[in-house]
2 protein chains.
Amino acid sequence: EEKFKEISPADFFYRNRDIAGFSNPVRALYTAVRELVENSLDACETRGILPDIILFLTIEGQADSERNIVRIRIADNGGGIPPEHIPNAFGKILFGSKYTLIQSRGTFGLGGKMAYLYGQITTNNPLEITVGYRKRIYFFKIMIDIKKNAPIVLEREEKSNPKKWNGTIVSFTLEGDYFRAFPKILEYIKLSALVAPYANITLVDAYGRLIRFSRSTGQMPNPPKETLPHPHGVDVEMVKRLVEENRKRSLISFLTRSFHRVGKETASRILEQLNLSPNTVVGELGLDEIVRLTQALKNYNGFLPPDASILSPIGETLLKEGIKKELEPEVLAVESRKPQAYSGHPFIVEVGIAYGGKITPPEDGNAIIYRYANRIPLLYDEANDVSYKVVNKLMNWKRYRMDPRTDPVRIIVHICSTKIPYKTVGKEYVADRPEIEREILNGLRNVSREISFYLSRKKSMEREKRR
Amino acid sequence: EEKFKEISPADFFYRNRDIAGFSNPVRALYTAVRELVENSLDACETRGILPDIILFLTIEGQADSERNIVRIRIADNGGGIPPEHIPNAFGKILFGSKYTLIQSRGTFGLGGKMAYLYGQITTNNPLEITVGYRKRIYFFKIMIDIKKNAPIVLEREEKSNPKKWNGTIVSFTLEGDYFRAFPKILEYIKLSALVAPYANITLVDAYGRLIRFSRSTGQMPNPPKETLPHPHGVDVEMVKRLVEENRKRSLISFLTRSFHRVGKETASRILEQLNLSPNTVVGELGLDEIVRLTQALKNYNGFLPPDASILSPIGETLLKEGIKKELEPEVLAVESRKPQAYSGHPFIVEVGIAYGGKITPPEDGNAIIYRYANRIPLLYDEANDVSYKVVNKLMNWKRYRMDPRTDPVRIIVHICSTKIPYKTVGKEYVADRPEIEREILNGLRNVSREISFYLSRKKSMEREKRR
Ligand SMILES: Nc1ncnc2c1ncn2[C@@H]1O[C@H](COP(=O)(O)OP(=O)(O)OP(=O)(O)O)[C@@H](O)[C@H]1O
Ligand SMILES: Nc1ncnc2c1ncn2[C@@H]1O[C@H](COP(=O)(O)OP(=O)(O)OP(=O)(O)O)[C@@H](O)[C@H]1O
Ligand SMILES: [Mg+2]
Ligand SMILES: [Mg+2]
């Protein structure tokens, strides 16, 4: 007799933690650190606060020859979390504040929880959270009831906050291979700092040494803005839900207020095509009409493309500065492309190529690509990433007299969007959506052309000298 | 003010359907078909029934130039589903009968549901299920309440089952690129049949043509058996749960009855090391003792490795037969390796190399690898798969005077286990666990040696002839 049962989302990710990036002691420690750093950076940037982040890694014991018991402690000045939400934010998988349509690193509502969950099942210690929120400081000790997907609050304290510190400190232990993971963690922080030169990030390693990435500018990029869904990204489920939330509205008001880039004229034209009166009350629409409306929105070609000002690209100035500082090339070219859209989601591709100077050719004949998505450095699984495909299969490098596999070249690709089409829960690589692929290809062609032009001019100048 | 909220698992996979394999109209149709075929094969094999599966694909309309409205209908003789579980089995994400420790294709409790969910959001039609279960036939019309992650039963009927047909018929529509997906679907079915020569699988395409894969043997492989967790795969959460379910037992009885390969002697030895009496009642264990017990189980080296008879490999005979029939090579070598374990999960690697005959060299200089996991053909994302790594980065092909990138070679790799370490929810590729990697490498070396020996002997015989 078969045993049918339901499992909670926490149970699902506990059983399948490989899928969230917790597949071995090196990767688990790396993934835990990055999830926490991404939460801190998101918190600061959402509020326009210059990030001050400190990350402590200490070894508290040994599980076996390849697994240390590592304590991760991270502190930020990101404004904290409302106390009524703290237990769920850290103890309920599929809970968070990033389910809105805005560019942010977080998106799934499970990253920080997975990091702690892995710590709980390997070391059985609670998660300690200290939050400064407005006028108070809150301290929680939490564990996760995996079967129920619910936080277990073991301790809760509250006290005054005279210095008005608003931020979050998270501390827990997990099993990890500290020595193999550390170089990856350091690279991750270094690459994060490259595109966030306004952030102070301090890493304190297991020997107590401070590795400080100090801010080189007080200028934050324009914050991203929350947006409405673009009609080209709709499906029946989405329209049904919007209808539910707008039952009393007129159709014309519903369309102009629920969707991005739908003005009164466009809305009237669509309703006319569908034989629906603009003043029909939304709640009266039949399911059939909802389906026809969805099709019309998806297929109508008269909408303006999504508004790019809702996105927050790195920008050519910061990108150049970051690359110069970290890579010290002889020459570099960057391009921050115009906004495009895939499936109704606006996105911007930014590329850069750095050549020569302190850069050395790759040691293993593989082009070195620094991939970023919503400012997160992606360090694993590049072979399935859209950038890898463009660099290794679509670019005709001969035309630019450059071979990134053998020359002193570094390629930088950043994609920012209201929704990054990650192919995994661990956010390791980006799907090859044709619109995104095309943007990366065209961007790389432009910057390669610039570099190639510089190199050939340099060559002819050297030839001149020798005569 | 931030909007904190929780979303259901259905909502999570609706928003992130790329992650489940539904990333574009070709892949979505392919993934939907494979999820259903895998459910039918699992149902038959679990009950030892020779599979008779019919899959109908019809085009009911056009959504746009690249998206057809495709109806998928699949019928099997797999024994059906108890009626009280039908709505949840097809309408509640993270619900199923495969959450036990046994080798099966299904494992997550969401594949079939995701296929239908994609159909619902693209075509808004209900899912129609007909089940013959024991003496009755049941008919359901279902949709999914995505926000609540719950089935909506629109219709339910029941009637007598005079012919005692026990099986399942699933029918729904979805948007997909039929013409691009069809070759992939055909390849998937062909490769499934290669390792399941006891199955009748009939594919009826959009033109009404029958493509029949007829069974070539009435012999089913030994069915896999459910097993207990092996001590090397435990963590604190798992031991806590087992303790909860066994509160009244004595420690010694708990250990020998809850874990695989823990006999009385071994259990006594471990308890002695931990200073715990064998007769202690499990419910009296403190959390601290549970943690120490977990460590002891993980680190104790005296356990027998997992029992291989719980697994159901394809076997060298069936593998040879299937390869001969599908590929018609001049020579082939197969090896079904001894069982091993990773993280307490038993697994068996089976490899094969087919050379010459009807086989042609790869057209694009890429080695052709037929990858299987628990008999499922994996057709996508090979670049991150452990087999790809072994074939392209670890094997020293020169030593066997063979180059799978330029010679008429096909490589077959099958991994069966109580848990396949998939890296994605879409089950596209397998993580490079060191134990699995080593087995594939050693297996390929053995079969390559056989092929190389045959080829050099053939060469010297031809040289003899010419003299
Ligand atoms: N350091 C922090 N400062 C402020 N809020 C935080 C911090 N860390 C976590 N949070 C809150 O907790 C929520 C849950 O975080 P979690 O990492 O689990 O998911 P997420 O960041 O929303 O998505 P993802 O799974 O993609 O990381 C966040 O949405 C955020 O509201
Ligand atoms: N054709 C079928 N015959 C019998 N039972 C079926 C059939 N299809 C589905 N089921 C039942 O419905 C359950 C849910 O199927 P679903 O595909 O959603 O998940 P799963 O197969 O358990 O796991 P996975 O997500 O890995 O496919 C199965 O566990 C099985 O019990
Ligand atoms: Mg997060
Ligand atoms: Mg399934």
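This is a predicted model: local features need pLDDT of at least 70, side-chain atom pairs count only at pLDDT 80 or more; totals for chains, interfaces and linings use all residues.
An oxygen atom of ligand 2 sits 2.6 Å from a polar backbone atom of Thr107(B). Taken alone, ligand 2 exposes 600 Å², and the protein buries 97% of that.

Look next at the other polar contacts of ligand 2. One of its oxygen atoms lies 2.9 Å from a polar side-chain atom of Lys98(B). A nitrogen atom of ligand 2 is also placed, at 2.9 Å from an N or O atom in the side chain of Asp76(B).

Now widen the view to the shell. Ligand 2 is surrounded by 24 residues. The closest are Ser97(B), Thr107(B), Gly111(B), Gly112(B) and Lys427(B). Sorted by class, the shell around ligand 2 holds eleven polar, eight nonpolar and five charged residues.

Which elements of chain B each supply at least two residues of this shell? They are α2 (25-46), α3 (86-91), β4 (95-96) and α4 (111-123). Helix α2(B) gives the largest share, four residues. Even so, ligand 2 lies between chains A and B.

Turn to ligand 1. Residues from chains A and B surround ligand 1, so this site is shared between chains. The shell around ligand 1 counts 24 residues. Ser97(A), Thr107(A), Gly111(A), Gly112(A) and Lys427(A) are the closest.

Several oxygen contacts can be traced here. An N or O atom in the side chain of Ser97(A) is 2.5 Å from an oxygen atom of ligand 1. A polar backbone atom of Gly111(A) is 2.6 Å from a ligand 1 oxygen. For Leu110(A), a backbone N or O atom lies 2.8 Å from an oxygen atom of ligand 1. Ligand 1 taken alone exposes 590 Å², of which the protein buries 97%.

The elements around ligand 1 come next. In chain A, α2 (25-46), α3 (86-91), β4 (95-96) and α4 (111-123) each provide at least two shell residues. The largest share, four residues, comes from α2(A). By class, the shell around ligand 1 has five charged, eight nonpolar and eleven polar residues.

Finally, leave the ligands for a helix pair in chain A. Helix α11 (residues 386-394) packs with helix α12 (residues 434-466) at an angle of about 50°. Their axes are 10 Å apart. With that angle, α11(A) and α12(A) are therefore oblique to each other. The crossing of α11(A) past α12(A) is right-handed.

Definitions and conventions:
Residues are numbered from 1 along each chain as its sequence is written. Chains are lettered from A and ligands numbered from 1 in the order in which they are written. Side-chain values use heavy atoms; hydrogens and water are left out. A residue is near a molecule or strand if one of its heavy atoms lies within 4 Å of it. A polar contact is a pair of N or O atoms within 3.5 Å; within protein, one must be able to donate a hydrogen and the other to accept it, and residues adjacent in sequence count only if both atoms are side-chain atoms. Accessible areas come from the Shrake-Rupley method with a 1.4 Å probe; for residues, only the protein chains shown count as cover. Ala, Val, Leu, Ile, Met, Phe, Trp, Tyr, Cys and Pro count as nonpolar, Asp, Glu, Lys and Arg as charged, and the others, Gly among them, as polar. Axes are lines fitted to C-alpha atoms, for helices over the stretch in contact, and angles run from 0 to 180 degrees between N-to-C directions. Angles under 35 degrees count as roughly parallel, over 145 as roughly antiparallel, 65 to 115 as roughly perpendicular and the rest as oblique. A crossing is left-handed if the near helix is turned anticlockwise from the far one by less than a right angle, and right-handed if clockwise.
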